[in-house]
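I opened the notebook on a new chain today. I wanted its overall build first, then its sheet.

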Amino acid sequence: MSVPSLAAQYIQSLEDLKGVEITTLVNYVVLDAVKAGASDIHVEPWENTLCVRIRVTGQLMELVHLPLELKEKVAGRFKVMATLVSHVTGIPQDGKANMGPEFGGVQLRVSIFPTILGEKVVCRIFDPSSRTFNLAALGFEERTLQDYIALLNKPNGLILLTGPTGSGKTTAIYASLYHLIEKHGTSISVASVEDPVEVHLATVSQAQLNVAAEFTFAAALRSLMRQDPQIIMVGEIRDPETAGIAVQAGLTGHLVISTVHSGTTAGVFARLINMNIEPFLLASSMLGVMGVRLVRKNCPYCSMPYEPDVLLLKSLTPEQAENGTFRKGAGCEHCKNTGYSGRMAITELLVVNEAIREAVLEKKPSRQIQEIAIAGGMRALWHSGLERVLAGETTLEEVARKTASDQL
């Protein structure tokens, strides 16, 4: 970072480490991260230093290097903040810390993990002021937005979102619930099972997992079915039991919204079949699958025309390559010399129609299901991102990096 961080300035101001106030130092680290708009803080002991990195617009960047001898005290301070057992080391711990108004009222989700060099601390930062749960404000293409809202208006069935960690799935699910609550008010019963509950929603019965007490996704869902819900949000489908109950719920008059990890959007069907879900149940219950990725936006202050990678240009049509507005940030103080500022969503929405149902029943490969979906009008992630590239909003390299695993 061009200007030394508050944490770095504080360490530099000390004559020796005997005068260090760990509370002050950790507060400065959190303040630096919040001011940079970071989503995560990584505090990790390396061979000769305690490295602090922050994740900004999806990329890790070094914030400050602290003396290695402070590693126990820094980890201990984060434990105290998150109400963890501070004197115990060598085991993973997880907790939450609510920061005050001087930190923008953010919440930290603190994870402690033992390594051979000491405890690593990772904090996920939740900033309620920067999160929007308005579907229209998430940056979906207009057609995708309208098709997705049409799915949400269905009385029953299963809607799944897929994408890697940090791709915006949770935000999209909360926005979906907000849309339904805004539309129906208190005339519907909405319940959720989450791990953990990240945002408290008015009029939604939210439950948080407690695996130690055997309160798992599957156990919670089984109980929820007796609670007369109309809409059920499941944080993630991780195992066959949860998948089976979610599918059954979608078949028995409930609208179920959840996430599932899959390499591709079309690959969700194979993933669920591998969880022992019968294809005919899947074909009957699934309404659609939304693939979500977040790509970095060009910095508006230093964005300028550029020539994309030659190999990537070959993947475009001659007309696209000739007429596209290719822009890239050169790097400036506004974007901390990264060339990017903020992120936006690119999506592909696979709406389950008769052709998709037949393909699922026949257990056709994911590639064929994707081809059928595209033939039926689905805009693939690559093309969704390419539209942003041609408009000069991001770079071809950024979209290629984010969609590389989706090319079946």
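I count helices as DSSP runs (H or I) of at least four residues and strands as E runs of at least two, numbered from the N terminus. On that basis I find 15 helices and 15 strands in the protein chain. I note that the model is predicted.

**Overall build**

The C-alpha atoms fill a box of roughly 70 × 60 × 40 Å along the principal axes. I checked burial next: 51% of the 408 residues are buried. The accessible surface comes to about 19100 Å², and carbon and sulfur atoms hold 50% of that. Then I took contacts between residues at least 6 apart in sequence; 63% of these join residues at least 24 apart.

In what order do the seven strands of the open sheet run? I read 9-8-10-11-7-12-15, with mixed pairing. Strand 9 (204–208) and strand 15 (340–351) are the edges, each pairing on one side only. From one strand to the next, the twist averages 15 degrees.

I then traced one pair. Strand 7 (residues 157–162) and strand 12 (residues 286–298) run parallel, joined by five bridges. Leucine 161 stands opposite methionine 290 in strand 12.

**Helices on the sheet**

Helix 6 (residues 217–224) packs on the sheet and touches strand 8 (190–194) and strand 10 (231–234). I get about 165 degrees between the directions of helix 6 and strand 8. Helix 15 (residues 396–403) also packs on the sheet, touching strand 12 and strand 15. Its direction makes about 145 degrees with that of strand 12.

Definitions and conventions. Residues numbered from 1 in each chain as written. Predicted model: local features only at pLDDT ≥ 70, side-chain atom pairs only at ≥ 80, totals over all residues. Heavy atoms only, no water. Pairing = 2+ DSSP bridges. Axes fitted to C-alpha atoms, helices over the stretch in contact; angles between N-to-C directions. Contact = heavy atoms within 4.5 Å. Buried < 20%, exposed > 50% of the residue type's maximum accessible area, 1.4 Å probe, protein only. Areas by Shrake-Rupley, 256 points an atom, 1.4 Å probe, with all protein chains shown as cover.
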